[in-house]
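Opening the notebook on this one. I want to look at how the chains meet, then at what sits inside.

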Amino acid sequence: MSTPITCGELAELANSLPAGELKDWCDQSASGPQTQIVFANSEMLSRCQQAASSSIHEESEPKESKKKCKVSKTMKDTPGTSL
Amino acid sequence: MATDLERGAYAGKETYLYYNSATNASPTWVEIKRARNVQLTRGAATSEVNFHGSDQTVNIHEYEGVSGSFEYVRKLGSDTVYDFFESSRDNKNIIELIHLNGPETVSAPADASEGWRAPVILGEFSETSNGGDSVVVTIPFVLADAYTAAGAQVTISAYTGTVA
C-alpha cells in the first residue's frame, strides 16, 4: 500500500522527527522538489506521523510537570511559613 | 455508447516508470515522468544442441536473464530525477524500478495497475545531442545481485499498484 504525498510534506515530517530510522526514511523519501508527488509506503508513513505527533506531546509534557512541581513546592512552603 | 465495452490495447505513453527513493522494505516511488521507450528483455535464452543421433538441431534453455533500458529526455536546470540516476551510476548503487500499465496509486473502483518490480544496476549511459532534436540519454539496466540485510534474495517480481 502506498499514499501519495509531496516531498515538501515528507521533509516537514522529517524535521519533526527525532533522529532514527523513521527520520532517515522520511529524509530519503523526500529527495525531490517540494511539489513533487511521491508514493510512500502507507504503514511507514503512519508510523512517522504517529511518532511526530507523540514527539510533540513529549516536548509539551515536561513543561506541565515543571509547573506541577512549582505548585507542590509552594504548598510545602506555605505551612512551613505559618509555623 | 456501449458502456459494457472496454479498451484492450494500451500505449507506451500510458505506462508509468518509477524508482524507489527510500528502502526495499518501505519503498517510496518517484515517477520518472521524462522517461520513454522503456524496454525489458526477460526470460531464458536458448542454446542449440547437435548430436549424431538427431537429424534436427535442437535447443535447450540457458540461464534466465533480465535486462532493459529506457530513454530519458534531459531537462535544463535542476532535475532531481536525473541527478538520482547519475549518482546511482557513479556510486554503483543498486536501485529499484517498477514499470506499470497505469499509475502506482489509482482511485477505487479502478483496477490496480500491474507490472514488474526489480532491483537493478545501471550500465553505460549513452547521450545523444543532435541538431534540433531534444537531448536524450539511453539508460541501460540489468538485474542486480541483491539481498536484504536479513539475507533474503531480491529479484524481479510481479508488482501490483495501490487502490486508494
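**Chain contacts**

I looked up the interface first: 14 residues of chain A are in contact with twelve residues of chain B, contact being C-beta atoms, placed from the backbone, within 7 Å. Strand S1 (2–6), helix H2 (21–29) and strand S2 (37–41) of chain A each give at least two residues to the side that touches chain B. S2(A) supplies the largest share of that side, four residues. I sorted the residues of that side of chain A into eight nonpolar, six polar and no charged; Ala, Val, Leu, Ile, Met, Phe, Trp, Tyr, Cys and Pro count as nonpolar, Asp, Glu, Lys and Arg as charged, the others, Gly among them, as polar.

This is a predicted model: local features need pLDDT of at least 70, side-chain atom pairs pLDDT 80 or more, while totals for chains, interfaces and linings use all residues. Residues are numbered from 1 along each chain as its sequence is written, and chains are lettered from A and ligands numbered from 1 in the order written.

**Strands across the interface**

S2(A) pairs antiparallel with strand S2 (residues 28–31) of chain B over three bridges. Strands are DSSP runs of E, at least two residues, and helices runs of H or I, at least four, numbered from the N terminus; pairing takes at least two DSSP bridges. I found Val38(A) bridged to Val30(B) in S2(B).

**Phe141(B)**

I placed Phe141(B) in strand S9 (residues 136–143) of chain B. Why does Phe141(B) count as buried? Because Phe141(B) has 22 C-beta neighbours inside 10 Å, and 20 or more is the cut-off for buried. Leu97(B), 44 residues away along the chain, has its C-alpha 9.7 Å from that of Phe141(B).

Note on methods
Buried ≥ 20, exposed ≤ 12 C-beta atoms within 10 Å, placed from the backbone. Contact = placed C-beta atoms within 7 Å.
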